Amino acid sequence: MMQKNDTAVIEIIDIGVNGEGIGKVGGYTLFVKDAVIGDQVEVKVMKAKKNYGYAKLMRILEASVYRTEPRCRYARQCGGCQIQEMAYDRQLVFKEQKVREDLERIGGVDKMILDKVMEPIAGMEQPFGYRNKAQFPFGTDKSGEPYAGFYAGRTHDIIANTDCALGVPVNRTILEIILDFMKKNGIRAYNEKTGDGLIRHVLMRYGFATDEIMVCLVINGGEIPNVSWLVDRLKVIEGMTSISVSVNTARTNVIMGDSYRVLWGQSYITDCIGEIKYQISPLSFYQVNPVQTETLYSTVLEYADLNGSETVWDLYCGIGTISLFLAQRAKKVYGVEIIPQAIEDARENARINGINNVEFFVGRAEEVLPEYCGSSTCDAGAYADVIVVDPPRKGCDSVLLDTIVKMQPEKIVYVSCDPATLARDVKMLCGSGYEVKRVRAVDMFPMTVHVETVVLLSKLNTKQHIEVELNLDELDLTAAESKATYDEIKAYVLEKYGLKVSSLYISQVKRKCGLDMGQNYNLSKKEDAKVPQCPPEKEAAIVEALKHFHMI
Ligand code: SAH
């Protein structure tokens with residue numbers, strides 16, 4: 001065990017879920033922020049637990065081939081990016097592996113199935129400057145001057161920086177005008193601790209498809225004195241479309257107030273994803289990476305594989321972005337979202353795009369869908385060919401998953417921002433008659449540890465599913481003796497080859513090897529019975545197990 005303040009020289013051999021480097025001293029594991037896999041580093045232990053500890057990167061003795069010069073000089077302090085010092089190609093590998101490992105370990109998806117269904121992660125060509133939205137907090141420095149910046153990781157200390165590498169260049173121009181205005185007019189930044197001061201945050205949005213710009217100042221009070229001075233300077237910026245103010249006097253971490261007031265221009269900017277136009281107001285939710293959002297939604301559309309005759313449900317639909325994308329190819333799309341304003345935006349977006357085959361509901365997906373579905377059996381109204389879900393990090397509610405299974409859609413397209421909860425939900429769906437057909441990770445947030453994933457699940461061929469289940473039930477009725485043998489074979493194959501094999505596969509191999517199957521191994525008498533056949537790798541492993549147990 002190591003103690004606080006101990007130093008060590010280690011090699012970084014793995015990457016943790018938060019992007020930190022992982023190294024070992026004997027059997028003791030150290031997590032090192034800012035260390036890159038492959039680095040040789042000198043570290044100092046900051047916090048020591050029994051089997052692991054957190055250490056600080058003191059010196060890089062030998063830099064990993066995956067290490068790269070960060071674009072931003074505050075990359076280590078700022079809470080926004082976690083892995084800017086890791087080469088972008090390696091970031092993509094890390095994210096793809098994270099998705100794969102979660103699906104395998106938590107989701108119980110077979111390694112060989114993953115080999116087949118995992119498609120290469122969709123990365124960005126330009127992994128900087130991708131964000132269309134920035135929210136900068138304001139603070140006051142030691143000399144009493146206002147400054148803008150970013151929160152440091154895990155704290156609310158504001159690091160002065162008007163030049164975030166993930167945002168668009170015009171943000172800096174806007175911030176400098178606001179700071180100049182504050183200095184010249186003696187307007188103070190908000191102080192979180194005392195609750196004094198006026199300017200809390202600025203929200204800036206940029207329409208990548210339209211070059212329209214929005215600025216919304218969040219203030220701790222009713223008015224900004226002499227605000228026309230500021231508006232006159234902001235409105236001449238090319239592309240400026242909307243300048244507004246949102247009042248937030250609450251002593252909370254929530255950035256925006258409940259409403260906003262236009263100071264100049266429109267109340268919204270317009271942006272497009274693919275063919276669809278969206279009006280975005282200061283309070284609207286909108287995906288922050290428009291380039292990758294198009295990739296994400298195109299993947300959803302590709303996986304849904306619509307021909308125009310389908311009924312689709314889009315659960316957790318936000319402002320209806322996916323719903324409208326799918327409506328282009330479906331007969332009817334129903335969207336469900338918990339936030340009423342988002343649904344107002346969704347309806348407005350449907351209207352401005354002339355899309356009539358969508359209907360939106362406000363409420364919890366896990367309440368709206370079961371209600372619509374009816375308490376016992378689903379009536380015709382709750383029919384779905386395809387169900388899309390895009391839940392927040394905590395994943396889908398189990399009541400919702402049960403309802404989806406009851407509705408028996410042909411396809412489920414699961415969009416997820418958290419691979420662990422995705423894997424948990426995939427496991428449940430795979431235990432209820434669905435199988436994973438395609439998986440694609442999409443890098444929506446380069447330089448951070450976040451990863452978005454799209455999974456296509458298809459309903460197992462019903463006949464096949466039921467018949468196989470029947471056979472397995474029958475197999476389970478075999479004598480205790482041979483049942484034990486089955487379990488032993490399964491355990492042996494898993495232990496030795498890391499493969500999961502079913503009783504069905506074992507019985508297939510036994511039969512091939514000329515072993516008596518007994519009367520229980522009766523396949524369906526129907527001519528068209530389709531039974532999954534044991535793949536060659538598993539067959540080889542089972543044969544080996546049979547030899548091991550001296551059965552052949
Ligand atoms: N699909 C949208 C939004 C996804 S974000 C897009 O791509 O833009 C997840 C959304 O789920 C958020 O808008 C959040 O408000 C909503 N949400 C959270 N819990 C919910 C619930 N229980 N039922 C319905 N919507 C919910």
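Predicted model: local features only at pLDDT ≥ 70, side-chain atom pairs only at ≥ 80, totals over all residues.

Q: What does threonine 448 touch, not counting residues up to four places away in sequence?
A: Threonine 448 touches Gly80, Gln82, Ile83, Lys95 and Tyr130. A contact means heavy atoms within 4.5 Å.

Q: OK. Where is threonine 448?
A: Threonine 448 sits in the loop between E21 and E22. Helices (H or I, at least four residues) and strands (E, at least two) are DSSP runs, numbered from the N terminus.

Q: Is threonine 448 buried or exposed?
A: Threonine 448 counts as buried because its relative accessibility is 5%. Buried means under 20% relative accessible area, exposed over 50%, and partly exposed in between (1.4 Å probe, protein chains only).

Q: Which backbone nitrogen does the side chain of threonine 448 reach?
A: That of histidine 450, at 3.2 Å. This is a polar contact: a pair of N or O atoms within 3.5 Å. Within protein, one must be able to donate a hydrogen and the other to accept it, and residues adjacent in sequence count only if both atoms are side-chain atoms.

Q: Lys95 came up. Which residues of H1 are buried?
A: Lys95 is one of them. The others include Tyr88, Leu92, Phe94 and Val99.

Q: What do the buried residues of H1 pack against?
A: Their partners include strand E1 (7–15), helix H2 (111–117) and helix H10 (419–430). Strands E21 (434–442) and E22 (452–459) are also among them.

Q: New topic. Where is serine 284?
A: Serine 284 is in the loop between strand E15 (276–280) and helix H5 (290–304). Serine 284 counts as buried because its relative accessibility is 5%.

Q: What lies 3.0 Å from a polar atom of its side chain?
A: The backbone nitrogen of serine 281. Not counting residues up to four places away in sequence, serine 284 touches Arg205, Gln279 and Asp345.

Q: And the ligand? Which residues come nearest?
A: Of the 17 residues around the ligand, Gln287, Tyr297, Glu337, Ala365 and Asp390 come nearest. A residue is near if one of its heavy atoms lies within 4 Å.

Q: How much of the ligand's accessible area does the protein cover?
A: The protein covers 87% of the 570 Å² that the ligand has on its own. Accessible areas come from the Shrake-Rupley method with a 1.4 Å probe; for residues, only the protein chains shown count as cover.

Q: Which elements give two or more residues to the shell?
A: Helix H6 (321–327) and helix H8 (365–373).

Q: Last one. How many helices and strands are there?
A: The protein has 14 helices and 22 strands. Buried residues make up 51% of its 552 residues.

Terms used: Residues numbered from 1 in each chain as written. Heavy atoms only, no water.
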